[in-house]
Structures are given as structure tokens and as C-alpha cells.
Amino acid sequence: MGALCADASREPALAVVGLHKRYGEFTALSAVDLTVAPGEFVCLLGPSGCGKTTLLRLIAGLEAVSGGRILMRGRDVTRLPPMRRDYGIVFQSYALFPNLSVAENIAYGLSGRREHRARRVAELLALVGLDGAERKFPAQLSGGQQQRVALARALATNPGLLLLDEPLSALDARVREHLRREIKDLQARLGVTTVMVTHDQEEALAMADRVVVMSRGRVEQIGTPGEIYGQPRTAFVADFIGRANWFEATVRRHGEIAVDRVTLSVAQALPEPGSTGRVFLRPEDVRLHPVWLGGPNTALARPGKIEHLGGFCRVSLTVPLWGDLPLLADVSQDELARLRLVPGQLVPVTLPADRLRMFAAEAA
């Protein structure tokens with residue numbers, strides 16, 4: 001599976017072509033294709049062991065490929081050592097030298113006269129918001145500050161590519177959220193092409209121009225955050241990204257599925273009649289009504305637990321007519337107030353036909 005650059009007239013900043021990586025009998029990566037446009041921010045997203053870090057290490061030259069090619073700006077770097085590839089890298093552990101000052105850490109890869117290096121270090125510290133920290137040592141800095149130093153060091157040589165390996169996972173939630181905004185703003189301001197590894201879907205959706213969802217050494221889908229979330233191509237992507245309702249169904253005919261002997265309308269093109277599969281629906285797409293309006297895919301549901309999750313509420317429902325089908329519905333605080341839900345009282349619920357998506361049983 002591949003992806004086109006945003007601007008085909010420009011040379012891709014990075015192109016991965018048919019990449020394979022094997023460790024003995026184990027295949028860590030299989031036939032991975034990816035192109036990254038200049039200035040693009042791409043996130044490699046997936047669960048532990050999916051191959052995302054392996055892919056980043058292959059791009060960096062820290063692992064040898066078993067097959068395929070890696071090109072940077074059209075230059076084949078597949079067999080080149082790391083020092084001959086044009087990139088900067090930030091590791092999860094920061095990898096700062098504890099015995100060197102902040103300035104010495106940042107200047108480690110710089111060449112030229114001392115005055116030039118000092119000026120560049122000052123520029124980078126201002127860039128990452130650490131003016132005046134030149135003489136401090138890593139142990140004197142917070143985790144967020146250490147990560148800023150690591151980022152400044154990676155950017156010191158003006159690399160053509162920035163690689164980030166789970167750069168925020170060691171930080172607490174508040175610092176992580178703040179720093180991800182800073183990194184994204186900095187990347188956009190500098191226009192540096194960036195590839196970041198993360199297992200945090202919220203992080204990927206918030207920061208990336210495009211997301212590469214990976215599973216078991218393969219690319220499941222490449223797309224914008226909106227495409228990945230709203231138009232998942234596989235059951236894995238649909239299940240891995242965000243919360244979802246899932247239920248079993250059988251195809252009756254074109255545009256119709258059966259759920260516990262009740263027919264629901266579906267806008268999507270369906271497999272052959274008699275085929276079985278799993279139906280997917282986001283909680284925010286479940287519609288609740290204060291009064292009965294009727295219409296297709298509408299029934300009465302029994303509300304249960306209500307979770308208050310900040311800006312919205314998650315309502316647990318059971319639909320008796322559809323075989324006691326369990327559903328989750330996300331509604332705003334205002335909508336919840338209008339619904340006036342009472343335990344034991346039935347509420348009308350609609351599953352919009354254009355929001356239902358069926359995945360074949362073998363793909364689920």
C-alpha cells in the first residue's frame with residue numbers, strides 16, 4: 001500500500017519502497033511503501049510490536065534492511081551508514097550526555113569556529129524556549145526541558161529530515177499535551193520534514209498531516225487524521241482508532257442488513273446476500289431524540305450508565321427490539337440536558353444509514 005506526495009511535482013523528501021525486515025524466521029516488516037513530501041509531518045501509529053519503530057530505525061540506518069529501498073530527496077541511502085544520511089533524531093530516552101552542559105549537548109554535532117557554534121546554540125535555545133540554560137546539565141532540567149534540548153540538538157545541523165521516536169511518552173499528560181503543540185508549531189514554522197513514531201492515537205491525530213497506521217509489520221492505511229478516523233479502510237483501523245460500536249449482522253439484499261431479525265438500512269455497498277460481518281459505528285454518530293419521530297433505523301433504547309467526560313457525555317444504551325443490542329452514544333452536555341434521560345425510561349435512537357460501515361467477517 002502506498003501514498004502519493006501532496007505535490008507530485010516535487011521530489012519526495014523520503015521514499016520507502018517495498019521495504020522488508022526479517023530477524024531469522026520472524027518478519028518484522030513486509031512490503032512497506034511510503035512517500036513523504038517536503039515539509040510534511042507524518043506519524044507512524046500502531047500497537048506495540050507492529051513494526052513502526054523498526055521502520056524508523058531502518059530509515060535512520062540503525063538497522064540493515066532485508067529488502068527494498070530507502071531514498072532521501074531521490075538519493076538512495078539504503079546501504080549508507082547513519083552519518084551519511086541527512087537527518088536529526090530524537091529518542092524516547094532523550095539520549096543526552098549527562099556529563100555535558102546543555103550547550104555542549106546541542107553543539108555536539110556542529111563543526112566550525114567556536115563563535116559560530118555558540119551563536120547556533122543560542123539560536124536553538126531561543127527556538128525551543130530555553131534561553132539562558134546553556135550552562136545547566138541534563139540532571140538539572142525537567143523531563144520536558146530535556147526533551148527540548150534533545151530536539152534542539154537534532155535540529156542543530158539543519159537536517160533535511162527529523163525523526164522522532166516516541167518523543168513524548170516519558171512525560172506526564174499535561175506536559176505531553178503542551179509539548180506536542182510546541183513541537184507541531186515549531187515543525188510548521190521551520191518547514192522541516194518530520195516522521196514521528198507513536199502508539200498514542202490522540203497524539204498522532206493532533207499532530208500529523210498524515211497518519212500511517214501499522215499492524216503486524218504491514219501498513220493498514222495511510223491518510224489524513226480525518227480520513228483515518230472517519231473513513232477506516234479495515235476493521236483493524238476502525239477498531240484501533242477511537243471508540244466504536246460493533247455488532248454482528250447479515251446482508252439481506254442491496255442496502256439492507258439484518259440484526260437479530262430486524263432490518264437496518266446501510267448506504268455502503270455491501271457483500272453478497274447471506275454474507276456475515278461486523279458493523280461499525282462511532283458513538284458520536286448515534287442519534288438520540290427527546291421524542292419519537294419514527295423513520296428508518298430507529299427504535300426505542302433503554303439508557304444506562306452516563307459518563308461525564310469533560311466536553312461531552314457517553315451514554316450506555318440497550319435496544320430491546322434489536323436483540324438487546326448494546327450501544328454507546330456520545331452527546332454534548334446541552335443535548336443531554338434536552339434529552340432529560342431517566343433510568344428505565346425508553347429513548348428513541350437512530351443509527352444513520354450513511355454512518356454504518358460493515359466489514360466482512362474474514363477481515364474483522
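**Questions about a predicted model**

Guide: Methionine 83 sits in the loop that runs between β5 (75–76) and β6. The model is a predicted one.

Visitor: Why is methionine 83 called exposed?

Guide: The relative accessible area of methionine 83 is 68%. Exposed requires over 50%, so methionine 83 qualifies at 68%.

Visitor: How far is methionine 83 from glycine 255, in sequence and in space?

Guide: Methionine 83 and glycine 255 are 172 residues apart in sequence, and their C-alpha atoms are 57 Å apart in space.

Visitor: What makes arginine 338 count as exposed?

Guide: Arginine 338 belongs to helix α9 (residues 333–339). Its relative accessibility is 57% and the cut-off for exposed is over 50%, so arginine 338 counts as exposed.

Visitor: How do you know whether cysteine 50 is buried or exposed?

Guide: Buried means under 20% relative accessible area. Cysteine 50 has 1% relative accessibility, so cysteine 50 counts as buried. Cysteine 313 is also buried, because its relative accessible area is 0%.

Visitor: What makes a set of residues a nonpolar core?

Guide: The residues must be buried, come from a nonpolar list that includes Ala, Val, Leu, Ile and Phe, and be joined through side-chain atoms within 4.5 Å. The largest such core here has 43 residues, and those with the most contacts inside it are Phe41, Ile106, Leu151, Leu164 and Ile183. Helix α4 (residues 143–155) gives the most to this core, 6 residues. Apart from this core lies another, of 32 residues, including Val266, Val279, Ala299 and Leu356.

Visitor: Which residues does isoleucine 183 touch?

Guide: Leaving out residues up to four places away in sequence, isoleucine 183 touches Phe41, Leu151, Leu164, Leu168 and Met207.

Visitor: What makes a space a cavity, and what makes it a pocket?

Guide: In a cavity a 1.4 Å probe fits but cannot get out, whereas a pocket is open. The structure holds 1 cavity of 30 Å³ or more. About 50 Å³ of space lies in the largest cavity, whereas the largest pocket has a volume of about 340 Å³.

Visitor: What lines the largest cavity?

Guide: The lining includes Phe41, Leu151, Leu164, Ile183, Gln187 and Thr194. At least two lining residues each come from α4, β7 (161–165) and α5 (173–190). The largest share, 4 residues, is from α5.

Visitor: Which residues lie nearest the centre of the largest pocket?

Guide: Of the 13 residues that line the largest pocket, Ile89, Tyr108, Gly109, Arg153 and Ala154 lie nearest its centre. The elements giving two or more residues to this lining are β6 (88–90) and α4.

Visitor: Which residues does UniProt list for "domain: ABC transporter"?

Guide: The unreviewed UniProt entry lists residues 14–241 under that name. In the model, that span is 34% helix and 26% strand, and its end C-alpha atoms lie 26 Å apart.

Terms used: Residues numbered from 1 in each chain as written. Predicted model: local features only at pLDDT ≥ 70, side-chain atom pairs only at ≥ 80, totals over all residues. Heavy atoms only, no water. Buried < 20%, exposed > 50% of the residue type's maximum accessible area, 1.4 Å probe, protein only. Contact = heavy atoms within 4.5 Å. UniProt positions renumbered as here; feature names shortened; annotations may be inferred. 1 Å grid on protein atoms, 1.4 Å probe; cavity = no way out; pocket = protein on both sides within 12 Å on 5 of 7 lines; lining within 4 Å. Points joined across faces, edges and corners; volume = space filled by probe spheres on them.
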